[in-house]
Amino acid sequence: QVQLQEAGPGLVKASQTLSLTCTVSNGSITTAYSYWSWIRQPPGKGLEWMGAIGYSGSTYYSPSLNNHTSISRDTPKNQFTLQLNSVTPEDTAVYYCARGDKPRGHYDYWGQGTQVTVSS
């Protein structure tokens, strides 16, 4: 089955850029009609969809995060990356990558999640 694994720094200072990479195995990020999302869960809160990159390379962003979020991919490495600029302590969360059949929702595979803490 498809496996996703997040990687990135566990601790980031406020105002810096957070970069997280999701490595996909047993599947391809270019598979038709596959969409690869970043989702986060702040402590004590629900899941928040941040954005996605589609099989063709198209990107989709949450309107609330569009101004400081960027998602890209490295197809030879079968990875996709989240960059979140100018982070604040409110960006502290567990960050997940997931695969769906739409840009948002309908996820069938998830990574295990990675904790990111933003220090002030």
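The largest nonpolar core of this predicted model has 23 residues, where a nonpolar core is a set of buried Ala, Val, Leu, Ile, Met, Phe, Trp, Tyr and Cys residues joined through side-chain atoms within 4.5 Å. Buried here means under 20% relative accessible area, exposed means over 50%, and partly exposed lies in between, with a 1.4 Å probe and protein chains only. The residues with the most contacts inside this core are Leu-4, Leu-18, Trp-36, Trp-38, Phe-80 and Tyr-95. At least two residues of the core come from each of β3 (18-25), β4 (35-41), β5 (48-54), β8 (79-84), β9 (93-100) and β11, and β3 gives the largest share, four residues. In soluble globular proteins, nonpolar side chains tend to be buried together.

Because this is a predicted model, local features need pLDDT of at least 70 and side-chain atom pairs count only at pLDDT 80 or more, while totals for chains, interfaces and linings use all residues. Residues are numbered from 1 along each chain as its sequence is written, and side-chain values use heavy atoms, with hydrogens and water left out.

**The chain as a whole**

- The protein chain has zero helices and eleven strands; helices (H or I, at least four residues) and strands (E, at least two) are DSSP runs, numbered from the N terminus.
- With a radius of gyration of 13 Å, close to the 14 Å that the globule rule gives for 120 residues, the protein chain is as compact as a globular protein of that length; this radius is taken over C-alpha atoms, and the globule rule is 2.2 Å times the number of residues to the power 0.38.
- Along its principal axes, the C-alpha trace of the protein chain spans about 40 × 25 × 25 Å.
- Of the 120 residues in the protein chain, 41% are buried.
- The protein chain exposes about 6,100 Å², of which carbon and sulfur atoms supply 46%; accessible areas come from the Shrake-Rupley method with a 1.4 Å probe, and for residues only the protein chains shown count as cover.
- Among the contacts in the protein chain with a separation of 6 or more, 55% are accounted for by residues 24 or more positions apart, a contact being heavy atoms within 4.5 Å.

**Strand β9 and its partners**

- Seven of the eight residues of β9 are buried, so this strand is largely enclosed by the rest of the structure.
- β9 pairs with β4 in the antiparallel sense over seven bridges, where two strands pair if DSSP finds at least two bridges between them; Trp-38 stands opposite Cys-97 in β9.
- β9 and β11 run antiparallel and are joined by three bridges, and the bridge partner of Val-94 in β11 is Gln-115.
- β9 and β10 also run antiparallel, joined by three bridges, and Gly-100 stands opposite Tyr-107 in β10.
- The hairpin formed by β9 and β10 has six residues between the two strands, and Gly-105 in the turn has a positive phi of about 95 degrees.

**Salt bridges**

- The count comes to three salt bridges, each being a side-chain nitrogen of Lys or Arg within 4 Å of a carboxyl oxygen of Asp or Glu.
- Arg-40, Glu-48 and Asp-91 are linked in a network of salt bridges, in which the side chains of Arg-40 and Glu-48 meet at 2.7 Å, N to O, and those of Arg-40 and Asp-91 meet at 2.8 Å, N to O.
- Arg-40 lies in strand β4 and Asp-91 in the loop between β8 and β9, so the pair ties together parts that are 51 residues apart in sequence.
- Both Arg-40 and Asp-91 are buried, whereas Glu-48 counts as partly exposed at 23% relative accessibility.
- Arg-99 forms a salt bridge with Asp-108, with the closest N and O atoms 2.6 Å apart; Arg-99 is buried, with a relative accessible area of 19%, while Asp-108 is partly exposed, with a relative accessible area of 41%.

**Two residues and their surroundings**

- Leaving aside neighbours within four places in sequence, Leu-18 is in contact with Pro-9, Val-12, Leu-82, Gln-83, Leu-84, Val-87, Tyr-95 and Val-116.
- Gln-112 is placed in the loop between β10 (107-110) and β11 (114-119), and counts as exposed at 61% relative accessibility.
- With neighbours within four places in sequence again left aside, Gln-112 is in contact with Leu-4, Gln-5, Glu-6 and Tyr-96; the C-alpha atoms of Gln-112 and Leu-4 are separated by 7.7 Å, although these residues are 108 residues apart along the chain.
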